[in-house]
Amino acid sequence: MMTRLSRLLAPAALAASLAAPLAAPAMAQGTAMEAASTRGSTLYGNDRPGPWGDSAYTFALKVSTSIYKTVNLHRKKKGLSELAADPGLGVVAGAYAGDMITGDFFGHFAPDGRDLGARLAEANLGHYDKVAEILWDASDSNIDWRIEETVRSSVTDWLRSPEGHREALLDPAARIVGVGTAIRDERIVITMLLGDQ
């Protein structure tokens, strides 16, 4: 199985003319994660069965939710506060994971040049002070499509990475998170955005 990791820390302070502040809706944590992790997860609503089971949507949602819980368990073990699910960050994360799947690319810059700051501004989240983006990608005909294996592989890769992924996941200043998962054929892409707001 091939996996690729990437991390970017980007200041998201943009001019008010680019993005009007948007207050996060008041939702219960479980509901917030569901809303935060599903857009872009199934190629813009094209849900279908595959090696992941009966529903790409359900698989992507369960992976995103399980990653959220697993990361919080690791943070708790280190004496850090749990991250709150942020619907806005989740929508941006899910949409970008979907963009990487449909556009067949991987990285912090989209082929059109948009970076994390631009994606946050487009979602009216430019007022977030600091957001870290970490990515995970796996592609191979030998992908283990069990949810727990996908979660274990992605979180373990991030925690073992020498490129700052571990530091982003275990950053004491981080308070909020959005996770998005997209799948197609023999590829999985996961985007996690962590903020200190």
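The entries take the helix and then the cavities.

I am working from a predicted model, where local features need pLDDT of at least 70, side-chain atom pairs count only at pLDDT 80 or more, and totals for chains, interfaces and linings use all residues. Residues are numbered from 1 along each chain as its sequence is written, and side-chain values use heavy atoms, with hydrogens and water left out.

Helix H3. I found 17 residues in H3, residues 87-103; helices are DSSP runs of H or I, at least four residues, numbered from the N terminus. From first C-alpha to last, H3 reaches 24 Å, close to the 24 Å expected at 1.5 Å a residue (1.5 Å times one less than the number of residues).

I checked burial next (buried is under 20% relative accessible area, 1.4 Å probe, protein chains only). Because 12 of its 17 residues are buried, H3 is largely enclosed by the rest of the structure. Among them are Pro-87, Tyr-96, Asp-99 and Ile-101.

At the N-terminal end of H3, I noted Asp-86 as the cap, with a side-chain oxygen 3.1 Å from the backbone nitrogen of Gly-88. After H3 comes Asp-104, whose phi is positive, near 55°.

Cavities. A cavity is a set of points on a 1 Å grid over the protein atoms alone where a 1.4 Å probe fits but cannot get out; lining residues have an atom within 4 Å of a point. I counted three of 30 Å³ or more in the whole structure. The largest has a volume of about 60 Å³, and 10 residues line it, with Lys-130, Ala-132, Asp-171, Ala-174 and Leu-194 nearest its centre.

Terms used. Helix = DSSP H or I, 4+ residues; strand = E, 2+ residues; numbered from the N terminus. Buried < 20%, exposed > 50% of the residue type's maximum accessible area, 1.4 Å probe, protein only. Polar contact = N/O pair within 3.5 Å; in protein donor to acceptor, adjacent residues only side chain to side chain. 1 Å grid on protein atoms, 1.4 Å probe; cavity = no way out; pocket = protein on both sides within 12 Å on 5 of 7 lines; lining within 4 Å. Points joined across faces, edges and corners; volume = space filled by probe spheres on them.
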